[in-house]
Each structure stands twice: as structure tokens, then as C-alpha cells.
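Thanks for coming. I will go through the side chains of this protein, starting with what I mean by a term or two.

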Amino acid sequence: MLHEILLALVGYTGDLIIDQREHSKSLGICLSPDAPISEQRSFKLASDISFIDPTERDLIEKLITLGFFYRELDRFATKSRNLSWIRSADVSPLDIASDLSNPKTGKPSVYRKAIANGLVEILSVYRSAVLQIEQKLLSETMPILATVTQGLNKFFVILPPLYELILEIERDDIRGGQLLNLLHKRCHCGVPELQACIQRLLWHGHQVLYNQLSSWMVYGILQDQHGEFFIRRQEDRDMEYGSSISDTSEKLARLSTDDTSLTDWHLGFHIFLDMLPEYIHMRVAESILFAGKAIRVLRNPSPSIQFQDALYNQQTKKGSQKLHGSAGGVPFQKEPFLDVKMIGEELLPQSEADKIEIMLLDLKESSEFHKRSFECSVDSIRAIAASHLWQLVVVRADLNGHLKALKDYFLLAKGDFFQCFLEESRQLMRLPPRQSTAEADLMVPFQLAAIKTIGEEDKYFSRVSLQMPSFGITVKSSQRDLPKTKTFTDGSSETSLGGWDGIALEYSVDWPLQLFFTQEVLSKYRRIFQYLLRLKRTQMELEKSWASVMHQDHTDFAKHRNEQMNRSISQLRRQHFRPMWRVREHMAFLIRNLQFYIQVDVIESQWNVLQSHIQDSHDFTELVGFHQEYLSALISQSFLDIGSVSRILDSIMTLCLQFCWNIENQESSQNTSELECITEEFNKKSNSLYTILRSSRLAGSQRAPFLRRFLLRMNFNSFFEATARGVLNVVRPRPSHPVLNQP
């Protein structure tokens, strides 16, 4: 009887102690896997045993339930460790029901295997306790049941909760980060023995996590064969959510590069929230994601940057090679290849990689998981990766030079170049663009302007290219076929845009600057460029129209100064158009102040802020954030993010252009009704613009400091304020004169 009990305690039944589940199965009765645990304890004494007292029977059946728990835990551990699959005859109904309800149960899991290793440790302690009891009972004459109960008493608070744990794991197919999360929750209990066991299981699970983190943050390799890590490849998510392969390839095509490191940076990896343990904060997970991607970039540099560095090192080492007696061209032919091998170590020195590995090793060797230590180590690793990525992008790739080039061309800092370009293309832009040749037509004035203004020392101009996006609508002539003035009363920007307003610049960016200048960033630059170019074109047309009208007026005066009748006609004509010239001056006043505000108060001011951040920061992620703030401030303070203001500005610029073309065409005509309509519409738009800009909604925004300067320049004599109030009928009626006086 003693050995029957001892064998039952390690999972083996016989004639005296039977497995009621197997007995029921032989009779065709299957116990429900959802039954309470008390009913699932299937080790029982045989019912035909009559020589055992009922009290002893109850005590023995209570003891042998430990054997049932041991057997199930051992079966789970054996299955999860893939040491030997359980034969079909020995599969429990729990496993059968789990497999039927969840077909994923058969998938292997590294985390389950680690937990199984922890269970094996706990079960080995249990087996040792059973063996010790056997030795004690065989060597001494002692009460059997009392000795067994006393020796195994502590396992009554350990094995049942562990059995519940594996039931939940198999029922819900818990794996990966979800398994760590479950164990972390179960650690918070009031039983020290059970808490120590579950902490040991969690330690085993964290060993897998730290191995994956080491692979990811030291070598940039995602080691996750079974999809259990919270960092995943992007194509895995696309397959889960049903995205087609064409969608993914379309995203990759937008990058305009075949660089795998660049592809991985933008579209390669993401955080899989289902596998992210709750005790790891999202910010920490993002730091882990960034660090791994940065290490991948640093360990796998593009061949282009390698070649550039090789040439650079070849030039800088030329003098030192001469001192060592290197003569001829042979050493220089071999030098680039030597530098290509060294470049990876230069981007991420081995000492830095060792430092990261030591941090993770310290976490791995700790007996308990300390959240604060984990987060501090991850932040330190992220800082190391960000610092070396900053060194690559800012120092090696000359980030500041490219930022200056984008400011010169996309933000029109090279005003002489764009002034020359607009003058050369002025006559072309007065005709409707031809869809097939518009871009080629623009290249002629673009190249002429470059020859006249761009010096050979500007190495960045070769990266700039002019593009004319295709348009699917019939574009009307800028000079004769513009919409009538009344079409602008709705404030729609679509009707006010001309055919040439789609002119865009493209900037060629090499690796690794594509990590910084993404397509989204370049699209923001293009949006600002189109707005600024349109504003500059409007200003130039207002100046040219004034010069043209004055030249014609002086010519007429010189031609007819001796003829009394013609001179009086010329004077009447000049007097008739003088109010329109005042309107032109008012338009020029508004456009000049708007342009000065954007170029000086917005662009130059934000540029200085960005430069100070670049000098103070040595972190790539901080630099990306500062640049995003820079672009957001440019768009925000230029009112491009306020639909009502941007539509009014579009309408005002179109009205100015239309006014210039009409006043030149109608110099020989006395019909000024169309000009008066344009004037009336301009009055409404400019007053509406002033009213919106001085609203309380904008007064408290980040635009406020420089916006007040802009409003002060416009309204220095309170003219705009008085006129705007008149339009709104708030204080006084609108001025009766049809044109605006010069402020």
C-alpha cells in the first residue's frame, strides 16, 4: 500500500489507486474539461477496497490529488519542451478538447518551452520530496499517512494553482508576451511559496525575452520564429489585416530606393500590441523598436555612403601616406576597399555593442524583474543608438548643409534665383500650360536663372529638379480666359488656382538622409514652396504692372506734349486710371507685408530656433522632433493649416494677378467695370482676412507673437480696422468710395 501511494504521488496508478478519468473513458463517459478542478482530480481509491477506514480514505484521496496535478504538469512540460509527443492512447480529454476548440495549440512556442523548463525544476523538487519520504518510511517505523502529509503539505498550495495556470494557457492558447503578462499578474499573491514558484517561471520566460532583446538591440536581428515577440515585421501585420502584396510593394515604391535598410526603417517593423506585456510601457516598447532599427542601419550601411566615406578618407589620408613613403597609384586603388570594411565598425564601434550587451546581460542575470532597472537600461541603449545615428546623419551626411539647401530653394531664401526665374518665365506663364510639354517649357527659364545666379560652389543645386504635376482639367489662360470676378465670391481655392500654380520642386536625397527627409517631410516642403512661389509671383506681377503702366504713361506724355487736344485726353485718361493705381498700391502693400512676415518673422525666426536645437542636441530622435516642430511652425504661422485663411489668401493673390493683367489690357479702353468689380472683391477679401487674423481664436495660439507684428504693419494707421468694421456694419457703414485709399 505504501508504494502504491508513492507511485500515485508521481503520476502512476494501479489496482488500488485508479485514474477515474481513464476508467470513465473506458466506459464511454467523457468528463467535461470545463468542470471544476475538484471534479477533475481523477485519482481515486478503488471503490472495492473495504479495509480502509473512511477517514483514512479521505486523507489518501486528498494526498493522491497531488499525483494527478504532478502528472498533468509533467505532461504539459514534456509536450511544451518537444522532448516526446504524448502517444494518442495517453492524451487526456483536456488536451483533446483544447485541440478541438483551438487549432493553434499545435504551434510551437519558445516561451512555453521556457516555462516548461521552470515547471521541470519545480517538479524535480516535488519528486525529491517524495523520494525523501520513501527513504524515511523505509528506514524507520513511522505513521505512514502522517509522514506523507507532513512532507508534502507545502505542495498543496503550489501544484493546484500551477495546474490552473496550464489549463488557462492551453485553453486560451497563451504564448509570447501574453504568457509573460499572465505570469506577472499571478506573481501578485499572498502565498510566499507559490509566489516564489511563479517568479521562477517568469524568470525563465524573461530569459527568452532578453535573448530576443539582445539579438534585436545588439545585432539588429529579429529572432522570432513563432511570432511571439512584440516587435514584428510589417508584412506579418499586412497578412493579418488582409493587406495585399501590391499594397506593400506600392508603399515600398514610394521610397524611391532599393536600400533594404531604408525599407526596414520606414516600413519594416512595428509594435505588435497583442504580444506587448502590460508591465512594459508603450514608450519603452517604442524605444526598443527605435534602438533595433537604428542598430540595423548602423550595422548595414548603404554601399553609397561607404564609397563616399572611402573617397573622403582617401583624400584626407593622402598627406600621411606620402610621409610613409607611399608612391604611385597602387595604394589608392586598394584604400577604398579597406575603408568599406572599416565603415561598419566606425558607425557602431564594438565597444558600444559590448556595452549594450552587458546592460542586457545584467538584466538577464537578475533573479527578479525590476521595472525601473529595465526602463533605465532600455533608455540608455536607445540613447547610444540615437547618438551614433545622429553622428551618421548630421556629421557624415552633412544634414545641416541639406537643410540649408531646402531653405534656399523650397523656402525661397535664394530670392535672386527665383526672381530671375519668374522674370524669364513671365511670358510663358501668361499662356495656359500644355500638359505634354509644360515641364520641359519651364526647364528653359529654370536653367537660365541657374546660370545667371547659381555659382559653381553650390553643390546642392544639382539635387533640385523642377516638376509640373499632371492635371486632368482644362487650364484656362492666365491672361484672357480667367474666370470672372464673381466666381470668387464663394472663397473657393479650387476656382482661384491657375494652371501654373502646380509647379513643384523635387529634392534628391541619398542614404542615410532618407531616414530624416521622409516623403511626408518633403511633401510639406513642397506645399510651402508652392505657396511662397505664388506669393512672390503675385508681388512681381504687381511691380511689373506698375512699371509697365508708368512706362506707357510717360511715353504718351512725351508723344503728345505738343498737341493740346491729345494732351488733354492723356491727362483725362491718367486721371481716370489714378484710382486703380491706388488700388494696385494697396494690393502691393498687403502682399509685401505678407511676404515680409513669412520670410522674416516666420522662416528666419524658426530657422534660428532649429539651428540652436541642432547645435545643442546629439540625439537623432530629438532632432527629428525638432525638425517636425520647425515644419509645423512654418505651416501654422503661414496660415496654411487654416482653411478659411488659406482660401482667402488664394483668392487675394488671384485677384491681384487678374487685376494686373486687366489693367494692362484695358489701358486703351475706357471700360473699367471689370476692374471695379475686382476692386470691390479685393476690399471684401482683405477686410475678411484682417478680421479673421485678429480673432480671439488666433490670439492665443503659437502664431500670436509674430502675428501681432504682421497686423501692426498692416493696420499701423487703423485703416484696416475701420474698413473691416464698416464691412461688418458693426460701428459705421462701409465707406462710399468704390476704391481703397492708400494707407
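Buried here means under 20% relative accessible area, exposed means over 50%, and partly exposed is in between, with a 1.4 Å probe and protein chains only. A word on the source: this is a predicted model, where local features need pLDDT of at least 70, side-chain atom pairs count only at pLDDT 80 or more, and totals for chains, interfaces and linings use all residues. Residues are numbered from 1 along each chain as its sequence is written, and side-chain values use heavy atoms, with hydrogens and water left out.

Aromatics next. Rings of Phe, Tyr and Trp (its six-membered ring) pair if their centres lie within 6.5 Å; planes under 30 degrees apart are stacked, over 60 edge-to-face, and the rest tilted. The whole structure has 26 aromatic pairs. One of them joins Phe410 and Tyr525, edge-to-face, at 5.9 Å centre to centre with 65 degrees between the planes. Helices and strands are DSSP runs numbered from the N terminus, helices being H or I of at least four residues and strands E of at least two. Phe410 belongs to helix H20 (residues 399-410) and Tyr525 to helix H25 (residues 519-559), so this pair ties together parts 115 residues apart in sequence. Phe410 is buried at 1% relative accessibility, and Tyr525 is buried with a relative accessible area of 1%.

A stacked pair is formed by Phe446 and Phe461, 5.8 Å centre to centre and 20 degrees between the planes. Phe446 is in helix H23 (residues 438-453), while Phe461 is in the loop between H23 and strand S5 (464-467), 15 residues apart. Both Phe446 and Phe461 are buried. Both pairs sit in one aromatic cluster, whose members include Phe410, Tyr525, Phe446, Phe461, Tyr507 and Phe529.

Now the core. A nonpolar core is a set of buried Ala, Val, Leu, Ile, Met, Phe, Trp, Tyr and Cys residues joined through side-chain atoms within 4.5 Å. Which residues touch the most other members of the largest one? Among its 193 residues, they are Leu152, Leu213, Phe230, Phe374, Leu389 and Phe517. Helix H26 (residues 564-616) gives the largest share of this core, 15 residues.

Last, cysteines. A disulfide is a pair of cysteine sulfur atoms within 2.5 Å. By that rule there are zero disulfides. For Cys197, the nearest cysteine sulfur is that of Cys189, 9.4 Å away. Cys197 is buried at 11% relative accessible area, whereas Cys376 is partly exposed at 41% relative accessibility.
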